[in-house]
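Please look through the two chains below with the following account beside them.

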Amino acid sequence: MTTLAPPQAELASAAERAGAGLRMLGNEIAKALQVMWAHKTPLVLELFMASATYWALMLFIGGGRFVTELLGMTLAGYLAYVVSYFALLRIVSGVLEEMFTGTLEQSLLSPLRPWVQSVGRLIGSMIESVAVAAAVGAAFLGAFAGLGVELTFQWSVLVPILVTLADVAGFAMLLGGLALVVNSIGAIVHVIQGFLMFLNGALIPIFAFPGWLELVAKLVPTTLGVDAIRRLTAPVDGTVESLGDVWADGTLPWALVHAAILLVLGWAIYQAAIRRGLRDGRLGA
Amino acid sequence: MMQRSAAAIELCGLTKRFGDLTAVDDVSLRVPPGQVLAFLGPNGAGKTTAIKMMAGLVTPTSGTASLGGYDIGAARSQAVQQIGAVLEGSRNVYWTLTAWQNLLYFGRLKGLHGAEIKPRAEQLLRDLDLWERRDESVGGFSRGMQQKVAVAAALVSDPPIVLLDEPTIGLDVEAARTVREWITRLARDEGKTIVLTTHQLAMAEELADRVAVIREGRIIIDLPTDQLLERYVEDRFEVHVASWHDVVSRVFPTRAVEQPGNGHVTIQLPTNDQDDLHKVLDVLYEDSLPVIGVNRIRPSLEDVFVQLVKGE
């Protein structure tokens, strides 16, 4: 007969618990990546669409020709949009699919806290999103070389890139939490993705916006980070700014604050949504 | 925070309200280790909500649920390690993943190492005739095979408590039989504590040590299966005679039924009075009609269930 053994967690030391927690987090990431790999066919189509959309819009904005300066200035914004698009889509559709199929409830039968599981899903989504953006970016850079678009690279650009990714992650977590409680989240996400593309500098750099719109745009996820990346990579009159420049004028500090707020807010909303879902009994099929 | 007790599952005053609707109303149960509890009720009676509260998937409005002595609210991480669950109306597993990937995922979800999971996962898949197809995605399986994977996923961490909410719903006869055999094996050979909800009352009667019936959120009866059936033994007798005879038509014109095939006749008496029974037997004896047997009518669990939920 099976006896009720003392659960391992009761006996484990803090280090063992931490190790088990990390192992379970890795399990969530691996599962997220396996599920995404199973959906690889639509991913290829989405990748093609993400690329074609950019070129079509650039052609439209340029009045039938590519404006090389604009291509250089919008690359960071568009790639940030691609990361956001895939991360938000994967997190929200993943949460909804898991709710409707009942696997979300099954996954909650774990000693791991729900928000830590969501971090696993988030990391999986971010890995996929960054990989897609990297593929799109590599293709674009090849095309840019052919078009004579000038871009520079400095290692310090990794700082605003990481801040931008953290911003996206926080926002995705926030929307993933809302997906647990808001019925029309799918439509909301599509609207948000549209706003994001038009306002984060993916099509036109934000300095070209009217003052009031530039202010609004800076509140949108990724915009501040994208602006910093653009200034570090796209030369104006042959020169690019430094990390110190984007820090000194407040762009990078505000981008950090923005990312931190979204991460905390995303965590808090996901936690609250899980609690509400458990209270309302709506986390399952 | 934790209170260890001998009960595998203990529910105390468990109540759940959704607005004005009371889905589960003051349910208290104590299930000892190794017992199979059939948790029965009509649709909407509150079975699934109660099961989900046991599993910590729905927060009770009031009351507590403990699994293996761990309060699901206060010591959730320990409590959930005690259970595996197959939930109703749910896929339970990832259809995009393979059977093998699912079992590894759900084992690790409970905090186990791959080395601990793999032998058990292999054994489960072999026992369920899924080993050869372990690397195929579950979405391509038949409904019965998918449910087998769900059962295997619930068991891969070898939990002492198994919650099975309608585990055979939507399955064909063969698949349902396989799952039923598995539940029997879990209960009899592995000594698992099982809470089973099902509309297949023959299965519940066959497997359950104990039956609790819930109606409109309240437990209306909770008894060992034998006692429940005994309590509802109908108050009348059946007399079986070898063949039709004039006396049967004369004395029991509306209560005699000829059994197809063997020509035997069953006479249902409207009474449980022993004197009345003897009078009937005397009549049959006087006419030299051979009596094959006399039975007190024993209802099935289904008969009892119907009586209970109708409030009789």
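A residue is called buried if 20 or more other C-beta atoms lie within 10 Å of its own, exposed if 12 or fewer do, and partly exposed in between, with the C-beta atoms placed from the backbone. Helices (H or I, at least four residues) and strands (E, at least two) are DSSP runs numbered from the N terminus. This is a predicted model, in which local features need pLDDT of at least 70 and side-chain atom pairs count only at pLDDT 80 or more, while totals for chains, interfaces and linings use all residues. Residues are numbered from 1 along each chain as its sequence is written, and chains are lettered from A and ligands numbered from 1 in the order in which they are written.

With these terms in hand, consider strand E14 (residues 291-296) of chain B, where the number of buried residues among the six is zero, so the strand lies largely in the open. Two strands are said to pair if DSSP finds at least two bridges between them, and strand E11 (residues 237-241) of chain B pairs with E14(B) in the antiparallel sense over five bridges. Within this pairing, B:Glu238 has B:Asn295 of E14(B) as its bridge partner.

Chain B as a whole contains 11 helices and 14 strands, and its C-alpha trace spans about 75 × 45 × 35 Å along the principal axes. Of the 312 residues in chain B, 44% are buried.

Chain A, in turn, has 12 helices and zero strands. Its radius of gyration, taken over C-alpha atoms, is 21 Å, close to the 19 Å that the globule rule (2.2 Å times the number of residues to the power 0.38) gives for 285 residues, so chain A is as compact as a globular protein of that length. Along the principal axes, the C-alpha atoms of chain A fill a box of roughly 80 × 35 × 35 Å, and 43% of the 285 residues of chain A count as buried.

Where the chains meet, 32 residues of chain A are in contact with 37 residues of chain B, contact meaning that the C-beta atoms of two residues, placed from the backbone, lie within 7 Å. On the side of chain A that touches chain B, the elements giving two or more residues are helix H1 (8-11), helix H2 (14-38), helix H5 (103-107) and helix H12 (251-280) of chain A, and the largest share, eight residues, comes from H2(A).
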